[in-house]
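Keep the structure turning on your screen as you read.

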Amino acid sequence: QVMELRRVLTSLGDTISQFPELMSNSRFILVPGPKDPGPCSVYPRPALPSYLTEGLRQKVPGVELMTNPCRLLYCTQEIVVFREDVLTKICRNCVYFPSDAQDIPSHFCKTLISQAHLAPLPPYVLPTYWDQDYCLSLHPTPDLVVIADRGDPFTTSNNGSIVTNPGSFLKTDFSFKVYFPKRHEVEDSQI
């Protein structure tokens with residue numbers, strides 16, 4: 001798996017380097033997921049090892065290796081990215097489950113924002129380094145929270161914060177979410 005990931009990231013670097021304007025005007029942020037190589041599945045997770053991304057970083061200078069979760073500041077807006085199947089874990093361990101499945105994203109968003117935490121779960125469900133738990137905190141409330149979950153895509157908001165899940169790129173017919181910071185809006189898009 002490690003060698004395959006390294007080969008794929010190098011191939012991604014080859015593809016991006018074919019578009020010099022994109023390469024010179026963009027920054028590429030890599031956030032490790034729950035199944036990516038790393039020390040263990042305890043959060044927060046460290047960035048991908050530089051060994052894996054060496055080929056990509058040599059070809060694309062604007063690559064940033066981030067931790068999971070990570071916080072980004074764009075002008076005055078704070079964006080939090082968390083790659084974990086936390087929606088499924090919260091649904092599996094909730095006290096009250098919404099009777100209408102359409103309400104699940106709304107309840108999920110309210111739970112995250114009101115608890116001010118990315119993973120309001122017991123440690124046996126989502127292990128956390130206690131001395132670094134503050135990295136999972138959502139205080140102060142960010143403008144955008146991206147939950148990169150395998151579940152269905154959704155966008156909802158609560159208390160001025162947008163919570164979105166782009167879903168799986170392959171399972172959603174190559175659809176993704178686009179965030180417009182100036183309008184504070186998330187739109188669906190597709191290739």
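Several elements contribute at least two residues each to the lining of the largest pocket: helix H1 (2–16), strand E1 (28–30), strand E3 (70–74), E4, strand E5 (144–147) and strand E8 (175–180). Helices (H or I, at least four residues) and strands (E, at least two) are DSSP runs, numbered from the N terminus. Please bear in mind that this is a predicted model, in which local features need pLDDT of at least 70 and side-chain atom pairs count only at pLDDT 80 or more, while totals for chains, interfaces and linings use all residues. Residues are numbered from 1 along each chain as its sequence is written, and side-chain values use heavy atoms, with hydrogens and water left out.

A pocket is an open set of points on a 1 Å grid over the protein atoms alone, with protein on both sides within 12 Å along at least five of seven lines; a cavity is a set where a 1.4 Å probe fits but cannot get out, and lining residues have an atom within 4 Å of a point. Grid points are joined across faces, edges and corners, and a volume is the space filled by probe spheres set on the points.

In the largest pocket, 43 residues form the lining, and Ile29, Val31, Val81, Arg83 and Ala148 lie nearest the centre. The second largest pocket is lined by 15 residues, with Ile90, Cys94, Val95, Tyr96 and Thr111 closest to its centre.

| Space | Volume | Lining by class |
|---|---|---|
| Largest pocket | about 2,000 Å³ | 28 nonpolar, 6 polar and 9 charged residues |
| Second largest pocket | about 310 Å³ | 12 nonpolar, 3 polar and no charged residues |
| Largest cavity | about 30 Å³ | 7 nonpolar, 1 polar and 1 charged residues |

Now to the loops. Asp85 sits between strand E4 (77–82) and helix H4 (86–92). With a relative accessible area of 13%, Asp85 is buried (buried means under 20%, exposed over 50%, partly exposed in between, with a 1.4 Å probe and protein chains only). Setting aside neighbours within four places in sequence, Asp85 is in contact (heavy atoms within 4.5 Å) with Ala148, Asp149 and Arg150.

Tyr43 belongs to the loop between E1 and H3 and is buried too, at 2% relative accessibility. Beyond residues up to four places away in sequence, Tyr43 touches several others, including Pro34, Phe82, Arg83, Leu126 and Tyr129.

Finally, which residues of helix H3 (residues 50–59) are buried? They are Leu52, Thr53, Gly55 and Leu56. Viewed down the axis of H3, these buried residues fall within an arc of 135 degrees, so they line one face of the helix; the arc is that of the directions from the helix axis to the C-beta atoms. Among the elements covering them are H1, E1 and strand E2 (63–65).

How values were computed: Nonpolar A, V, L, I, M, F, W, Y, C, P; charged D, E, K, R; others polar.
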